[in-house]
Amino acid sequence: MRSISLIALTLALAPLGASCGPKEGRTLGGVDVGTRVEAPGAAVARYSTAATGDPVIGEATAAGAVRRGVEAASAEAPMAGDERLATLASWVAAHLAEGGRPPPHDVTDFFARHLGLVEPVPHILVLGNPSSEGLEAGVTDSVRQFLARQRYSHWGASVAARDGLLLTVIALSRRGLTLDPVSRELAPGNVRLQGELGAGLSRPTFVITDPSGSTERLPAGSSSAFQVNLPMSAEGTYRVEILAASAAGDTVVANFPLYIGVDAPNFVVLEGDAGPGEAGTDDAVAASLLDQINDERSRVGVPPLARMAELDAVAHGHSVDMRDNAFVAHASPRTGTAAQRVAAAGVRTGLVLENIGRGYGASEIHRGLMASPGHRANLLNPDITHVGLGVVSEAEGDRRAFLATEVFVRMNRSQDLAGAPERLVALINQGREARGAHAVELDPNLAQAAQDAAVSYFADPTRTRQDTVDDASAGLRQFAIAFSRVGGLMTVVDDIAEASRLEPTFDPEVAYIGVGIAQGTRPDTPPNSLAVVILLAWPR
């Protein structure tokens with residue numbers, strides 16, 4: 001018996017777009033790029049997490065064998081049947097490519113939303129059996145293999161005779177929340193979402209991609225229950241993703257579009273390009289992912305990312321860990337979190353982000369990440385500068401699936417600090433004006449003392465920040481007659497603007513300021529950090 005499967009992307013991102021007609025020689029999952037795929041049935045009006053109906057579609061004898069096989073495989077943690085997943089399985093079965101390959105991620109995602117499913121795209125298992133004999137055992141064995149990799153909560157299946165085989169398609173779903181039903185089409189305004197996360201999940205966070213492609217992150221408290229009003233005033237398609245904290249790190253529990261002031265589509269146009277890296281070596285897939293990441297960043301006007309060998313090793317190690325130990329998550333029992341893996345590799349940085357995806361080629365993986373608001377935000381984050389890519393493959397039936405880890409970090413670059421103190425004072429004065437305080441004046445004596453202190457912080461790695469501020473203040477004793485008192489503060493930042501929001505600089509009684517800025521590296525700071533010393537003086 002042959003088993004072929006499609007593993008959906010995990011979290012760890014934009015509305016489905018249109019394309020021109022099909023282009024010869026470019027296919028994804030057996031469907032021509034640019035092909036318009038119609039929904040096989042009527043759309044539901046609302047999203048819902050309630051499971052009802054018969055979870056198997058097909059002739060009674062074969063359907064019974066499939067049902068018993070699934071129940072046997074999940075006996076230790078029984079799954080609930082859902083008629084919508086059975087319908088999804090039958091729709092997927094009608095769109096299988098040569099060799100029983102499921103349709104691309106885009107199509108399965110569209111079908112799932114059309115049926116009112118909100119959880120991450122269900123995983124699809126395709127089995128071909130010459131007769132009903134052995135069908136139950138084959139289903140049990142195949143589903144058990146999937147359950148060994150990760151847990152599922154719901155299932156549905158279809159089974160039908162095709163080309164001399166009993167073709168069985170099983171949809172397995174992870175439904176990590178209950179959500180009050182919500183209409184798929186809504187008028188512009190605030191959209192209310194209410195529900196509760198499942199066991200072991202907490203701290204719900206909503207990540208929303210609006211019709212313009214911008215992403216907003218909205219925490220919804222620390223408990224498992226949530227009730228939020230999401231602002232959706234512009235017409236168009238919004239992508240809503242719900243994240244939750246778990247023992248395995250942040251995980252996606254829902255990802256679905258809402259159509260605000262527009263009709264929900266009844267078709268999807270396949271995007272992407274089956275070019276180099278789509279079904280090549282692991283390295284070719286990684287190289288293609290980098291090209292697609294930087295193409296996306298170029299489109300939104302943020303700098304491209306540089307690939308970093310140390311991060312490649314971190315990403316590759318995590319992909320191998322997930323493949324060899326049958327899990328898909330950001331937190332590993334062996335290596336910890338992404339930030340811990342990066343630190344263990346000796347890379348010092350103040351920002352670590354990670355994406356994980358799985359598919360049959362670079363474009364499918366990339367499109368799935370871009371269709372998830374949280375992953376999309378990571379990929380387009382303007383603060384990151386470097387990326388590591390780790391891709392590993394494994395056989396699935398007659399083709400290979402790729403598991404990809406993308407690790408993003410911010411590495412501070414060497415900066416020209418000429419005029420930086422003056423720019424920082426201008427930013428501070430903008431904040432003071434907003435609070436109704438008068439502008440402060442840059443004093444040359446304060447400025448020199450602050451600059452000397454900032455430079456000394458990197459010259460002597462044993463100096464603490466308090467030592468640095470104390471020495472700077474002590475150096476001003478000869479000017480004590482000019483001020484009623486002098487105070488100082490220090491911060492280490494990656495960007496000068498971060499130092500413009502320090503509350504003591506907005507004291508309305510402060511009249512003079514001195515700013516010193518130096519760039520360097522210490523054992524306790526990321527490379528090329530900025531030490532900012534600010535001295536404040538009150539007039540007599």
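The entries below go through the salt bridges I looked up.

Entry one. I am working with a predicted model. I asked how many salt bridges the structure holds. The count is 20.

Entry two. I looked up Glu 136 and found its side chain in a salt bridge with that of Arg 68, at 2.9 Å from N to O. The two residues sit in distant parts of the chain, 68 residues apart: Glu 136 belongs to helix H4 (residues 135–149) and Arg 68 to helix H1 (residues 60–73). I then checked the exposure of each. Glu 136 has a relative accessible area of 30%, so I noted it as partly exposed. Arg 68 has 43% and is partly exposed.

Next I took Asp 106, whose side chain meets that of Arg 367 in a salt bridge of 2.4 Å, N to O. Here the pair spans 261 residues, linking helix H3 (residues 105–114), which holds Asp 106, with helix H8 (residues 362–370), which holds Arg 367. Are Asp 106 and Arg 367 buried or exposed? I found Asp 106 buried, and Arg 367 as well.

I turned to Asp 494 and Arg 410, which form a salt bridge of 2.4 Å, N to O, through their side chains. Asp 494 and Arg 410 are both buried.

Terms used:
Residues numbered from 1 in each chain as written. Predicted model: local features only at pLDDT ≥ 70, side-chain atom pairs only at ≥ 80, totals over all residues. Heavy atoms only, no water. Salt bridge = Lys/Arg side-chain N within 4 Å of Asp/Glu carboxyl O. Helix = DSSP H or I, 4+ residues; strand = E, 2+ residues; numbered from the N terminus. Buried < 20%, exposed > 50% of the residue type's maximum accessible area, 1.4 Å probe, protein only.
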